[in-house]
Amino acid sequence: MEDVVREDERPSFKRCRRQWDLGSRSRQNLEPLRPRQVYDLERAVHDAMALWYFPGMWEWDRSLVLRFAMEGFEKSMRKQLDSYAARAGVAPEQEIAWEADRERGRRLLEHYFSWAPGADAFTPVRVDTDFDANIPEPGTPGFDLVGPRGAIHYKGRVDLLVVDAYDAYWIVDHRLVDGGWEELDQLLLDERGVGACWAWEIFYYGMQIAGTIYNELRLDAAVPPPGESPVASGPAAEGLSGRRRLYMQAAQLPDERVSVSGTDAFRRTRITRSRAELAACGVQIATEARDMTSPTLPIYPHPSPAHCPGCAYQEPCRAMNQGMDPAPILARDYADRGAEEVEEGRLGAVTWSMNRGARPPSNFGGGTSARRSRSVTPPASLGEPE
């Protein structure tokens, strides 16, 4: 057993501790027997993106990769619908909505895949990759934060790791938006994005991340009919082939804090992350981790019109608020979601180095010394990167 803080559970912990306690994999790990959502269009778009940017196919003919990516989108949409149907049944109106969103997603992706080759001034390095980093103990260099069960891990996933023409590494976050672009202030303050940059540098020791690229696709944008936008040749990516190896040191970093480009349908927002910003993020994650792993942490709800409507635990929460035992409701309508599944072998995804990270080559500037937790013996070898 180990103490784990997951990036996707931090918002629920800060939003409502009761919701977090019921659903967190580190707590009760419960999920509704009847899914609240028939399908997730953004998940299917992510699956298509993973194939489009799969490093092993980056130099392939884009028309061939386009076919694989669109097939990946279709399979993801169908798999989600079938999974829901197996557990709850699908009403006719739900299938109609699924079909409409499937068509909207197809058209948006086809338009994106015709636009992206001329805009992608980078080379993919890793796609859909999990990270697992020990959390350093603030103020005590060389030691890791320790919880009741040992060193505390911070786990998450990045959509895409890329390297630009100046050998700088960036984490790309694909986002499907509907009804307007994300506010710039929200992207600047994005805890998940900053946290991923911070954790990746610990996970893959010696690598420096320049910042985050938010790749937004606007679902409500007008897109041309199929067939009117041929796949571009990709001038922005010319000269970048062969840059997929790890541990290159950037020859140059952008001077500007924020750079925005795109069209009415697609927007790229590139934000550099400073050393001070990443360090502050690490301290904040460590502070939250201490609370999340504390055996004496008080659990209480935080009812709000903004929080409650989408919560999957409303009925047991109401029962607890009335002083009732929620056990019968939990036994009837919820189940343990089981252990985390590692999606090994899926084309477009990679999960690797699930220990503390990888040691850089001996001639790399980062050095080879390993961090220590106060109760854990340092491993003799952290292994070589791929």
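**Helix packing and strand pairing in a predicted model**

The axes of helix α4 (residues 62-88) and helix α5 (residues 92-115) come within 11 Å and cross at roughly 160°. This is a predicted model in which local features need pLDDT of at least 70, side-chain atom pairs count only at pLDDT 80 or more, and totals for chains, interfaces and linings use all residues. Residues are numbered from 1 along each chain as its sequence is written, and side-chain values use heavy atoms, without hydrogens or water.

Trainee: Is α4 roughly parallel or roughly antiparallel to α5?

Mentor: Angles under 35 degrees count as roughly parallel, over 145 as roughly antiparallel, 65 to 115 as roughly perpendicular and the rest as oblique. The crossing is at roughly 160°. Therefore α4 and α5 are roughly antiparallel.

Trainee: How many residues of the contact of α4 with α5 are charged?

Mentor: Contact means heavy atoms within 4.5 Å. Residues meeting across it include Phe73 and Arg78 in α4 and Trp98 and Asp101 in α5. Asp, Glu, Lys and Arg count as charged, Ala, Val, Leu, Ile, Met, Phe, Trp, Tyr, Cys and Pro as nonpolar, and the others, Gly among them, as polar. The contact has 10 nonpolar and 2 polar residues, and the charged ones number 6.

Trainee: Which residue in β8 is the bridge partner of His174?

Mentor: Strands (E, at least two residues) and helices (H or I, at least four) are DSSP runs, numbered from the N terminus. Two strands pair if DSSP finds at least two bridges between them. Strand β7 (residues 169-177) pairs with β8 in the parallel sense over 9 bridges. The partner of His174 is Asn215.

Definitions and conventions: Axes are lines fitted to C-alpha atoms, for helices over the stretch in contact, and angles run from 0 to 180 degrees between N-to-C directions.
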